[in-house]
Amino acid sequence: MEYNITLLKGDGIGPEIVESAAAVLEKTGEKFGHKFNFTNCLIGGCAIDETGIPLPPETVETCLASDSVLLGAVGGPKWDDQPGDNRPEKALLGIRSAMGLYTNLRPAKLYPALRSASPLKDSIVGRGFDIMIVRELTGGIYFGDRGYRQGKFGREAFDTEAYSVTEIERIGKIAFDTAMKRSMKVCSVDKANVLESSRLWRSTMHRLAENYPQVEYRDMFVDNAAMQLVRDPGQFDVIVTSNMFGDILSDEASQITGSIGMLASASLGEGSRGLYEPIHGSAPDIAGTGKANPIAAVLSGAMMLRLSFGLGDEAESIEQAVDKVLNDGFRTADIMSENCKALNCMEMTERILDNI
Ligand code: NAD
């Protein structure tokens, strides 16, 4: 098969890590008989330098015309004095909304080989963990009615959490379908003991769960979920939750892996096209030094193959290559530990390529 992929390298370490990911995709394509056509487009600070704005219309058009999009990262001190609506990061919201992406999938996986990187005790994370957080991305309190008004104690500000059955159903289906391809467990996180919107969330999820009898389903209050993530993260497979709860819990889950340079993400909407990106930023402190860990970008490419193109075996071959390199004791500086061999970004990419 042939696929058109837009590459948005962005700023800082973005170009280095996206080039690594593209090389890994290319090699995987050769192995399995696919052709990936890459088109580079500007986004973020480099787009401001070239065109004056962080998200040029040609970038949006090219993304919408492609089969999927791989993004590095945007931003850096060079553009810190840009006005708020012209900052590099503004392009992220712009491209997500132009592509109609309402789901965010964030895996938080602790590789047994990297367990010393986790801030949690060995007794808690000794067997590793592999969680997929499915976060609703375009609804809830971040998008609800807001403003100022006169309240009981004078002037007050308000934000509104609102979810429709349609929004809950579409994110719920993604969570259940994702679990069907993993360990068949879904935990839906809400605050149904307090919030009306959570009660609708919960009853809708229960109805959906009836269509997936193979999946072990449970509900959890968000405060308990925040505790359980640090007490016993291995109990979770897929967590599905609202925009704000997902924002907080996905950051907590990535912190307990201890290695920001390893974590990929996917944002999806209707249809198969998605936006795939590492969860980390542009790391201006190490840009151009060769210290960047390319694995988060490489694994974002693997997610693209699985979720946008349905190429599960191809994705697995990338994931297994990463596992092998880590098990062989190769590390970039950010995940370095005793008795391991230090590699720069390019060397790590070559090791992964050797194992595809
Ligand atoms: P950051 O994620 O860029 O860096 C945090 C720390 O992690 C730094 O010490 C960095 O060196 C390290 N790090 C990050 N990725 C790494 C990798 N792949 N390999 C090795 N080390 C890595 O976060 P920050 O410093 O808060 O932000 C820097 C810039 O990135 C800011 O302009 C911020 O707005 C932007 N940002 C962009 C995105 C995005 O594009 N999606 C996300 C977050 C931050």
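A nonpolar core is a set of buried Ala, Val, Leu, Ile, Met, Phe, Trp, Tyr and Cys residues joined through side-chain atoms within 4.5 Å. Buried denotes a relative accessible area under 20%, exposed one over 50%, and partly exposed a value in between, with a 1.4 Å probe and protein chains only. The legends below describe a predicted model, in which local features need pLDDT of at least 70, side-chain atom pairs count only at pLDDT 80 or more, and totals for chains, interfaces and linings use all residues. Residues are numbered from 1 along each chain as its sequence is written, and side-chain values use heavy atoms, with hydrogens and water left out.

**Figure 1. The largest nonpolar core contains 64 residues.** Leu70, Val134 and Ile352 are the residues that touch the most other members of this core. Helix H10, residues 295-307, gives the most to the core, with 8 residues. Helices (H or I, at least four residues) and strands (E, at least two) are DSSP runs, numbered from the N terminus. At least three residues of the core come from each of domain 1 (1-104 + 270-356) and domain 2 (119-256). The domain bounds come from an automatic or database domain assignment.

**Figure 2. The ligand is surrounded by 20 residues.** Val74, Glu89, Gly281, Ala283 and Asn293 are the closest of these. The shell divides into 9 nonpolar, 7 polar and 4 charged residues. In this division, Ala, Val, Leu, Ile, Met, Phe, Trp, Tyr, Cys and Pro count as nonpolar, Asp, Glu, Lys and Arg as charged, and the others, Gly among them, as polar.

Figure 3. Taken alone, the ligand exposes 800 Å², of which the protein buries 68%. Accessible areas come from the Shrake-Rupley method with a 1.4 Å probe; for residues, only the protein chains shown count as cover.

**Figure 4. Ala283 and Asn339 have positive phi angles although neither is a glycine.** The phi of Ala283 is about 40°, and this residue lies in the loop between strand S12 (274-278) and H10. Asn339 has a phi of about 65° and belongs to the loop between strand S13 (330-331) and strand S14 (341-342). Asn339 counts as exposed because its relative accessibility is 78%.

**Figure 5. Leu71 lies in strand S3, and Pro77 and Asp81 lie in the loop between S3 and H4.** Strand S3 covers residues 68-73 and helix H4 residues 90-98. Leu71 is buried, with a relative accessible area of 0%. Pro77 counts as exposed at 58% relative accessibility, and Asp81 counts as exposed at 68%. The C-alpha atoms of Leu71 and Arg331 are separated by 23 Å, with the two residues 260 apart along the chain. Pro77 and Thr160 are 83 residues apart along the chain, and 34 Å separates their C-alpha atoms. Asp81 and Asn211, 130 residues apart in sequence, are 51 Å apart in space, C-alpha to C-alpha.

Technical notes:
A residue is near a molecule or strand if one of its heavy atoms lies within 4 Å of it.
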